[in-house]
Amino acid sequence: MTPGRTLSTRSRRALLALAVALAAACLAVGTAAQEDVRCLSCHGKPGFKKTLASGKVLELFVDPTSLRLSVHKDKHCVDCHADVSEVPHPNVPQKVNCRRCHYSGNTAGAPQIEKYVEFEQSVHGKALAEGNTKAPACQDCHGDHFILPGSDPRSEVSHKNLPQVCGRCHLEIFGQYEASVHGKALAKGIMDAPVCTNCHGEHTIRKAADASSSVNAGHVANTCAKCHAKVVIMEKYGVKAEQVATYNESFHGIANEFGVLTAANCASCHTAHDILPENDPRSSVNAANIPKTCGKCHAGANANFANGRIHINAKDKSAGIVYWIALGFKILTLSTLAGLFVHIGLDLYRKFRNRKAHHGEAKP
Amino acid sequence: MTEKGTVGTVERMTRAQRLVHLVLMVAILMLVFSGLALAYHEQGWAHAIISLMGGFGGRNVVHRTGAVLLVLVFIYHVIATNVSASHQRNALASVPKPADLKAGWATFLWRMTGRGEAPKYGHYTPMQKFQYWLIFLGCLLMGLSGVVLWSPKISLELFPKSFFDLMLVVHSSQAQWAFIILLVWHLWDVHVAGGNFPMNPAWITGRMREDLYRAQHEGEWEAMQKGTKE
């Protein structure tokens, strides 16, 4: 288009269409916003609730600012509560389905990544699909109106808050976790401490019996190793990072590596949720409790099991006599090898010299 | 060697000795392969060996079968050397004497300097005696530590965990040392040294070529010639 030239008829029509579309969009937003006001005329009243026939009380108050502060700040009530069109509602409004927007290729720009899909294969997703009404859907963990990214400390699924979310259903385990070394560290604000999802996965949570679960007997050692093999993390808390390697070198570790899942893994001795330091008398690995802990597999285990170190590193002086014997044999083996090479070398040398001498004699 | 066909042979190993050697060899091969695979479990070849043995459980079976064979052949050997006359002669010949130290030193000097005559050895060379006693004591120590490791449940009922760890490091370290001696020294001796290349056939046929026997055990050869003359 050259400057100064008037718009063609076709261009004018296109612009008109665009203007109409924009106006319609503005109107739609306007109506949705107006509807929010309608919804809030009841749901905006603090204490608004309904008692069901079953006696269960539904808290129906919604703080409108919570949505405005969330990632869904530009959304309106009916964007998610799409089945609500009349007031009062003729049918009980259904639970919101997040997949209305969170599907791959959606035009709303709602994030959709692999891990949302993984949820369907998870223990929660499967239970939900089977019609278990107690199984959690997205909003049961992420919250309903005040959804924030996990990186936001105010988010329900932030590192610090997550155990309480899982604990809403998994009460007993939450109690164990809170009292454990990991739970106590988290309470102190140590963000290196693992929460539920660090071991169990987020959307991939599977039953421990499932071979693909991160907490399956075949994967526990690798799951713990994600943190426990890292010197930079472990040295901050005075825990030895070599415990992973010493386990991998032990009979239990080697058997586990070759698929013998009855062999002990980290959790077999340290427990999964009750993990406590060795010097805590309640710890499963406290010397007084070792016979009982080992006895889970080795029936009749006695105090001898506690008489010695479990994670022994033969390559370190802390192993005591084991270190010195290993070192002694290493020196002996290497010097034997060197001695044998000298022995063989001398044998060949003499043979070579004698052959040369015989050759010399044969020639005049 | 043109006169090869005409060279006679001399008996080196009796039928019973060959059988013992065969069982010992099979047992040690089973133990070495399954044991090294455990000690070097993170290596690819170790994984190959263990899967070849039918997994971790299969490896245990191979190692323990080898162990039983070794213990049986060791017990047989100890009883036979005390009961049978021919075994006793061999046992006496294998007893280390101060002369062996001298002969060993003489061998070293001769190989270094070439001065004088090559040392003459009896039925067993000083090196063979040394290897025999290393393996004999090795079997004892490997057997004892192996018994402790066999059942952690029983051994931990009797001994502290630290003793178990001690037996484990002794077992695995000593095994690798013995393996080096057998692999380098014994195989060199019977396949290469003393004109044996490609192999001294005595462990199969029981017999050795007369000229090689004479070269390797000249002291005994001379005594035998005297014996036949008298």
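# Reading chain B, helix by helix

Mentor: Of the 230 residues of chain B, 25% count as buried. A residue is buried if 20 or more other C-beta atoms lie within 10 Å of its own, exposed if 12 or fewer, and partly exposed in between, with C-beta atoms placed from the backbone. This is a predicted model, in which local features need pLDDT of at least 70, side-chain atom pairs count only at pLDDT 80 or more, and totals for chains, interfaces and linings use all residues. Residues are numbered from 1 along each chain as its sequence is written, while chains are lettered from A and ligands numbered from 1 in the order in which they are written.

Trainee: Which elements make up the secondary structure of chain B?

Mentor: Start with the rule. Helices (H or I, at least four residues) and strands (E, at least two) are DSSP runs, numbered from the N terminus. Chain B comes to 11 helices and two strands. Their order from the N terminus is β-α-α-α-α-α-α-α-α-α-β-α-α. Along its principal axes, the C-alpha trace of chain B spans about 65 × 40 × 35 Å.

Trainee: What span should helix H6 of chain B have?

Mentor: The expected span of a helix is 1.5 Å times one less than its number of residues. H6(B) covers residues 126-150, so its 25 residues should span 36 Å. Its end C-alpha atoms are 35 Å apart, which agrees.

Trainee: Which residues of H6(B) are buried?

Mentor: Think about the turn. An α-helix has 3.6 residues a turn, so residues three or four places apart point the same way. In H6(B), the buried residues include Cys139(B), Met142(B), Ser145(B) and Gly146(B). Pro126(B) and Val148(B) are also buried.

Trainee: What covers the buried residues of H6(B)?

Mentor: The cover includes H3 (55-83), H4 (85-94), H5 (98-113), H7 (152-158) and H8 (161-191) of chain B.

Trainee: At what angle do H6(B) and H8(B) pack?

Mentor: First, the method. Axes are lines fitted to C-alpha atoms, for helices over the stretch in contact, and angles run from 0 to 180 degrees between N-to-C directions. Angles under 35 degrees count as roughly parallel, over 145 as roughly antiparallel, 65 to 115 as roughly perpendicular and the rest as oblique. H6(B) and H8(B) pack at about 150°, with their axes 9 Å apart. That makes H6(B) roughly antiparallel to H8(B).

Trainee: Is their crossing left-handed or right-handed?

Mentor: A crossing is left-handed if the near helix is turned anticlockwise from the far one by less than a right angle, and right-handed if clockwise. H6(B) and H8(B) make a left-handed crossing.

Trainee: Which residues of H6(B) and H8(B) meet?

Mentor: Two residues are in contact if their C-beta atoms, placed from the backbone, lie within 7 Å. On the H6(B) side, the residues include Leu134(B), Ile135(B) and Leu141(B). Across from them, H8(B) gives residues including Phe164(B), His171(B) and Trp185(B). The contact divides into 14 nonpolar, seven polar and no charged residues. Ala, Val, Leu, Ile, Met, Phe, Trp, Tyr, Cys and Pro count as nonpolar, Asp, Glu, Lys and Arg as charged, and the others, Gly among them, as polar.

Trainee: How do H3(B) and H6(B) pack?

Mentor: Their angle is about 135°, with the axes 11 Å apart. H3(B) and H6(B) are therefore oblique to each other. H3(B) passes H6(B) in a left-handed crossing. Ala67(B), Leu70(B), Val71(B) and Phe74(B) in H3(B) meet Cys139(B), Gly143(B) and Gly146(B) in H6(B). Those residues divide into five nonpolar, two polar and no charged.

Trainee: Is Ile154(B) buried or exposed?

Mentor: Count the neighbours. Ile154(B) has 12 other C-beta atoms within 10 Å, so it is exposed. Ile154(B) is in helix H7 of chain B. Now try Lys120(B), in the loop between H5 and H6 of chain B. Lys120(B) is partly exposed, with 17 other C-beta atoms within 10 Å. Leaving aside neighbours within four places in sequence, Lys120(B) is in contact with Glu218(B) and Gly219(B).

Trainee: How many residues of chain A are in contact with chain B?

Mentor: 32 residues of chain A are in contact with 30 residues of chain B. On the chain A side, the largest share, 17 residues, comes from H17(A).
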